[in-house]
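Good morning, and thank you for coming. Please look at the sequence and the structure as I put them on the screen.

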Amino acid sequence: MPQVWEDAWLARSIEAGLPRQAELALLLAARSYHDPVKAEALLQEAEAAAPGHLAPLVGLYKFYFYQGRLAQALETAERTLLKVARDLGLPEDWRAVERGSRDFSDYADGPHRMYLFVLKAYGYLLARLGELAGSRAVFEKLRLLDPADRIGASVLLQVLDRGGRDDEDD
């Protein structure tokens with residue numbers, strides 16, 4: 001499946017059922033990225049207009065991540081993970097999710113793939129914030145849930161094993 005098509009499909013899935021006011025606030029936030037104060041206020045407006053909707057959470061996560069506000073990105077990733085888990089009927093604590101809880105092998109299943117992506121982002125942020133043991137636990141859980149490794153947890157575990165150094169650093 002081409003990456004462009006996949007990204008467009010995932011975006012449509014995330015935005016499904018988004019109230020017009022929230023959609024407009026997200027659009028204006030994207031256009032206001034150069035003004036972080038304004039962009040953040042618009043993202044929060046979108047979340048207020050669509051409480052519990054995935055699109056504003058993803059927007060806030062991306063905003064905080066790309067602004068380098070990793071602690072806030074982590075908090076938003078946690079809220080997003082909780083929302084996706086609830087939507088899927090999974091345990092709220094990612095540690096309690098087992099491969100038998102749901103079939104995560106169907107990569108075309110958007111909600112399940114979204115859960116894996118958010119869990120990966122959560123683990124990555126833990127690593128960036130120095131929580132290496134927590135990050136490793138997340139990536140090991142991902143490897144269990146995604147044995148085909150389509151999400152790429154094994155690569156991230158290798159980076160942790162090398163102490164965060166790339167192969168080129170040797």
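Read along the sequence, the protein chain shows the pattern α-α-α-α-α-α-α-α. In total there are 8 helices and 0 strands; helices (H or I, at least four residues) and strands (E, at least two) are DSSP runs, numbered from the N terminus.

A word on the source. This is a predicted model, in which local features need pLDDT of at least 70 and side-chain atom pairs count only at pLDDT 80 or more, while totals for chains, interfaces and linings use all residues. Residues are numbered from 1 along each chain as its sequence is written, and side-chain values use heavy atoms, with hydrogens and water left out.

Let me begin with the chain as a whole. Of its 170 residues, 41% are buried. Buried means under 20% relative accessible area, exposed means over 50%, and partly exposed lies in between (1.4 Å probe, protein chains only). The chain exposes about 9300 Å², and carbon and sulfur atoms supply 54% of that area; accessible areas come from the Shrake-Rupley method with a 1.4 Å probe, and for residues only the protein chains shown count as cover. Among contacts with a separation of 6 or more, 56% are between residues 24 or more positions apart, where contact means heavy atoms within 4.5 Å.

I turn now to helix H2. Ala25 lies in this helix and is buried, at a relative accessible area of 1%. Which residues does Ala25 touch, not counting those up to four places away in sequence? They are Leu42, Glu45 and Ala46.

Together with Leu24 and Leu28, Leu27 forms a nonpolar surface patch with about 230 Å² of accessible area. Patches are made of residues with over 30% relative accessible area and no salt bridge, like charges being joined within 9 Å and nonpolar side chains (Val, Leu, Ile, Met, Phe, Trp, Tyr) within 5 Å. A salt bridge is a side-chain nitrogen of Lys or Arg within 4 Å of a carboxyl oxygen of Asp or Glu.

Next, the aromatic rings. The structure holds 7 aromatic pairs. Phe104 and Tyr115 form one that is tilted, with 5.9 Å centre to centre and 40° between the planes. Rings of Phe, Tyr and Trp (its six-membered ring) pair if their centres lie within 6.5 Å; planes under 30 degrees apart count as stacked, over 60 as edge-to-face and the rest as tilted. Phe104 sits in the loop between helix H5 (70-88) and helix H6 (110-128), and Tyr115 in helix H6, 11 residues apart. Phe104 is buried at 4% relative accessibility, and Tyr115 is buried at 0%. Ring pairs also link Tyr61, Phe65, Tyr66 and Tyr124 into a cluster.

In helix H7 we find Lys141. Is Lys141 buried or exposed? At 9% relative accessibility, Lys141 counts as buried. Leaving aside neighbours within four places in sequence, Lys141 is in contact with Trp94, Arg95, Val97, Glu98 and Leu119.

Finally, consider Asp149, in the loop between helix H7 (132-145) and helix H8 (153-161). Asp149 is not a glycine, yet has a positive phi of about 60°. Most residues other than glycine have a negative phi. Asp149 is partly exposed, at 22% relative accessible area.
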